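Me: Can you walk me through this one? I'd like to start with how the chains meet.

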Amino acid sequence: MAQEERDRRVVERELTMSRAMVEAIAHEMREDEEVFYMGEDVADYGGIFDSTEGLLDEFGYDRVMDVPISETAYLGAAVGAAQAGMRPIAELMFVDFFGVAMDQIYNNMAKNTYMSGGSVNVPMVLTAAVGGTYNDAGQHSQTLYGTFAHLPGMKVVVPSTAYDAKGLMHNAIRDDDPVVYLFHKRLMGIGWMPAPGGPKTPVPKTDYTIPFGSADVKREGSDVTVVTLGLHVHRALEAAESLADDGVDAEVIDLRTLVPLDTETVVDSVRKTGNLVVVDEDYRSFGVTGEIVASVADEALENLDAVERVALPDVPIPYARSMENEVIPDVQDIEDAIQATR
Amino acid sequence: MYEDMVTARYYEERLQEEYLEGKQPAFDISAGPIPGELHLAAGQEAAAVGVCHHLEDEDTVTAPHRPHHVAIAKGIDLKRTTAEIFGRETGLSKGKGGHMHLFDPEINFAGSGIIAQGCPPAAGAGLAAKKRNEDSVAVAFLGEGAISQGAFLESLNFAAVHDLPVVFVIEDNDWAISMPKERVSDVRDGSKRAGGFDMPGVRVDYDDAVAIYEAAGDAIGRARDQNGPTLMEVQVHRRMGHFMGDPEAYRPTENQEAAAARDSIERLVEDMEAYGIEGETLDELRTKAQERVDEAIEWAKDQPRPDPEDAYEDVFVNPPSGATDSEPEFELAGGDD
């Protein structure tokens, strides 16, 4: 979105990312009775990461449904309800639990449109919490961006700010295809997990959509293009600000959606800067960093002077703080990668 | 059994103290000496000791995300367990797993962080015992919230159809995080699900360690004698939140009070006193247990933290050719820089 457009919409009020998401969901539930939310601990608890906080009071148990711990059943049921014309939002508490129900996700939700020759569609949103940085070990800390983006048939959304979270959620619910909406725990603004400063932004009270496939230039720069998503948008911005003092002017691009992927914004930026750094909290091999580098190489190899990848090395995420800090890219890692392109 | 129960209870009290250090006044899950989430099992000790006191080291136990009482009852190395919970290098998993993922192969104990995840591997341990004609058994512990999960139901069927020496133990503490049992299952007695698999099902009420011990003896004996699996459900109570930091706004105060009032340790003490066991003997056991716990915690806190580089080890036992133990250098592409 153009900066002018964003300025026009800026209002005084700031929201955390979780409040912005919930505002969009509540709006869509008011507008359309076919929209409902289901998941584990989403009603009374309000979502472990505040993803549904307050919805039960307005909409009741019929439309904010706690479900048995049976992801295959309720995610598959969301597929069935969506095929019947409803617009379910189904929450997987931690994205790491995807394996419990992956068949329903990638063989039904993602493929039924194609395998029916387009005669049925699956207008559902699968929400899930992603991310580490709080030492919860290998089964509760992954992002798995690449996993969902790799398998065809799912649109994949990863907001990094409250403004984007709301606009992308409106779009996700209104989309006639299955959308996987991955929210980073560290960005939600939960009391017990302090967020960095960036994700809390002004958010318009009215509804608005952010189209999928539109990456956002979160910081303009001329020397190097840093492409990232989720929590690492904020780490990249911090790195960019830090390097600005050394005379390095980094452009930071927030992908916002992986499917569809806005390669145009990325390629345009690389044509301007000549240098590319891709930062991802997901595993390095066969993932987002490789995909972005390949996309840029396809279209602008002649403009590419240097490439760096910063991602989780190919190890499960360790529990102890010293080791988790080692594997999850931090601001210094991003600064080092930017410097390495110089 | 009493000694293990008070060890587990006191262990969790001490962990709670340590966990909260540095996380107050505003609770920050990423601060303090103990990393990550912490799920405590105070109130559930009877289930662990009643079952595990029939087991030997070669018998397998898989525990869910709330594992400490089961681990202690199975005889886990308490010092290395504690070091793991503190994220230290000498922990059972070298600081890689944490409190939900305790693995002690010396006693065939494995933890898991995902609901019902331990059920299929328990069936696998039973399968291995059967194939090798050994008389060891496997026990999978799970919560009542897990009985809707496919992995559990599929494991029951698998164990039944192959007559595997497995006992599935549902610890019914009434709550799956914020979801009360009645809102997620129309079957109040989870052991009735055994009927669907032509397997014996038994339920023990009242947080009663002795009754659990007796019922578990039958089930484990049946498995050891190669007569197939059993599904047990035992009533326990969750005296705390789902995890440390859980505000429990969803839980009525009466329910919390009822859970605190139905204490399995107090019940066992009453039973023992009725049998004429002296209070002095119990005091001695409790003191011994507390000393053991304090010693383990002090030892663990003195242990070294893992080197950050250790993160790259143990992905494979037999690392493939070309794999390195350290983070790869950034690769350059598309230019001559």
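Reply: First, a term: a polar contact is a pair of N or O atoms within 3.5 Å; within protein, one must be able to donate a hydrogen and the other to accept it. Note too that this is a predicted model.

Me: How many residue pairs are in polar contact between chain A and chain B?
Reply: The count is 21, with both residues at pLDDT 80 or more.

Me: Which elements of chain A supply residues to that side?
Reply: β4 (87-94), β14 (306-312), α12 (321-327) and α13 (331-340) each give at least two. The residues on that side divide into 32 nonpolar, eight polar and 17 charged.

Me: How much area do chain A and chain B bury between them?
Reply: About 4,300 Å², with 58% of it on carbon and sulfur atoms. Ile69(A), Tyr319(A) and Met323(A) supply 18% of what chain A buries against chain B, more than any other three residues.

Me: What about salt bridges between chain A and chain B?
Reply: There are two. Arg183(B) and Asp66(A) meet in a salt bridge, 2.7 Å from N to O.

Me: Switching to rings. How many aromatic pairs over all chains?
Reply: The search finds 10. In one of them, Phe49(A) and Trp192(A) are tilted, 5.9 Å centre to centre with 35° between the planes. They sit 143 residues apart in the chain.

Me: Which ring of chain B does Trp192(A) pair with?
Reply: Phe243(B), also tilted: 6.3 Å and 45°. That pair crosses between chains.

Me: Why does Trp192(A) count as buried?
Reply: Because its relative accessibility is 17%, and the cut-off for buried is under 20%. Phe243(B) is buried too, at 9%.

Terms used
Residues numbered from 1 in each chain as written. Chains lettered and ligands numbered in written order. Predicted model: local features only at pLDDT ≥ 70, side-chain atom pairs only at ≥ 80, totals over all residues. Heavy atoms only, no water. Buried area = accessible area lost by both parts, 1.4 Å probe. Salt bridge = Lys/Arg side-chain N within 4 Å of Asp/Glu carboxyl O. Polar contact = N/O pair within 3.5 Å; in protein donor to acceptor, adjacent residues only side chain to side chain. Helix = DSSP H or I, 4+ residues; strand = E, 2+ residues; numbered from the N terminus. Nonpolar A, V, L, I, M, F, W, Y, C, P; charged D, E, K, R; others polar. Phe/Tyr/Trp six-rings, centres within 6.5 Å; stacked < 30°, edge-to-face > 60°. Buried < 20%, exposed > 50% of the residue type's maximum accessible area, 1.4 Å probe, protein only.
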